[in-house]
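Have the picture open while you read.

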Amino acid sequence: MAEQKQVTFIITRQDSPDSAPYEETFHIPYKKNMNVISGLMEIRQNPINAKGEKTTPVYWDMSCLEEVCGACSMVINGTARQSCAALVDQLEQPIRLEPMKTFPVVRDLIVDRERMFDALKQVKAWIPIDGTYDLGPGPRMPEKKRQWAYELSKCMTCGVCLEACPNVNDKSDFIGPAALSQARLFNAHPTGEMNKSERLGGLMEDGGVSGCSNAQNCVQVCPKGIPLTTSIAAMNRATNIQSFKNFFGSDHSY
């Protein structure tokens, strides 16, 4: 790679949500240990394409640069992943960058992930404890449970699992694996458990857990290694039990 002295990026660009996409090629100087984000920064500083023409800087999203925020997700050489963790030395050239196709494009590599946050609202992925601060500490979570719950809490709403899921598309209202796993996380919390039936109700709505076809792509691409398929199986079981409770008019399991 060092002998090439330059890196080639072929970037799918789009000037606005309604405009047609097009490709633009850039050559930038190679630097040791550079990642895709540093390459995009180089283009931003000197937006000259491979034809030698001055163009507009490429737009993309980023924040933490530590694979924690999930903002810099994009499709790199055909695979959705975090661009901050994509090292140029480990990528085949030319490097192709595209926006994720599951979400509406805002501009260039920036997409609107609003559907993910709407899904979190549907499953009530929070614990409503406002006004309870004066009641003292809440119940403690057993260490064994805390350990696997911590794995679920690593979700950064990056959208990679939705991009890989064949059931998340413009013809489906499936909320995707991330929200299903977050429902499991908050139901596992000893305080969050008080709203368990509400979250399960959200999962039983249109676009809920029944939309999963068990393709298992999500667990393979998750950058945090979250056991998404295990969560989906657990929520399948929990919603079935909840449906029996609803039918028989009982909120208690025996």
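Start with the lining of the largest cavity: its residues split into ten nonpolar, two polar and two charged. That makes 14 lining residues in all, and those nearest the centre of the cavity are Cys155, Cys158, Cys161, Cys222 and Ile226. Keep in mind that this is a predicted model.

**Empty space inside**

- How do you spot empty space in a protein? Rolling a probe the size of a water molecule over the atoms shows where it is left.
- Searching the whole structure turns up four cavities of 30 Å³ or more.
- The largest cavity holds about 90 Å³ of space.
- The second largest cavity comes in at about 80 Å³.
- Around the second largest cavity you'll find, among others, Cys165, Pro166, Phe174, Pro177, Cys212, Cys218 and Ile232.
- Sorted by type, the lining of the second largest cavity has eight nonpolar residues, four polar ones and no charged ones.

**Helix H3 against helix H5**

- Helix H3 covers residues 143-152 and helix H5 covers residues 177-188; the two pack at an angle of about 150°, and their axes are 9 Å apart.
- Angles over 145 degrees count as roughly antiparallel, so that is the label for H3 and H5.
- Is the crossing of H3 and H5 left-handed or right-handed? It's left-handed.
- On the H3 side, the residues that meet H5 are Lys145, Trp148, Ala149 and Leu152. On the H5 side, they are Ser181, Gln182, Arg184, Leu185 and Ala188.
- Group the residues of this H3 and H5 contact by type and you get five nonpolar, two polar and two charged.

**Helix H5 against helix H6**

- H5 has a contact with helix H6 (residues 196-203) too: their axes come within 10 Å and cross at roughly 170°.
- H5 and H6 are therefore roughly antiparallel to each other as well.
- Which residues make the contact between H5 and H6? H5 brings Leu180, Ala183, Phe186 and Asn187, while H6 brings Lys196, Arg199, Leu200 and Leu203.
- The residues of the H5 and H6 contact come out as five nonpolar, one polar and two charged.

Notes. Residues are numbered from 1 along each chain as its sequence is written. This is a predicted model: local features need pLDDT of at least 70, side-chain atom pairs count only at pLDDT 80 or more; totals for chains, interfaces and linings use all residues. Side-chain values use heavy atoms; hydrogens and water are left out. Axes are lines fitted to C-alpha atoms, for helices over the stretch in contact, and angles run from 0 to 180 degrees between N-to-C directions. Helices (H or I, at least four residues) and strands (E, at least two) are DSSP runs, numbered from the N terminus. Angles under 35 degrees count as roughly parallel, over 145 as roughly antiparallel, 65 to 115 as roughly perpendicular and the rest as oblique. A crossing is left-handed if the near helix is turned anticlockwise from the far one by less than a right angle, and right-handed if clockwise. Contact means heavy atoms within 4.5 Å. Ala, Val, Leu, Ile, Met, Phe, Trp, Tyr, Cys and Pro count as nonpolar, Asp, Glu, Lys and Arg as charged, and the others, Gly among them, as polar. On a 1 Å grid over the protein atoms alone, a cavity is a set of points where a 1.4 Å probe fits but cannot get out, and a pocket is an open set with protein on both sides within 12 Å along at least five of seven lines; lining residues have an atom within 4 Å of a point. Grid points are joined across faces, edges and corners, and a volume is the space filled by probe spheres set on the points.
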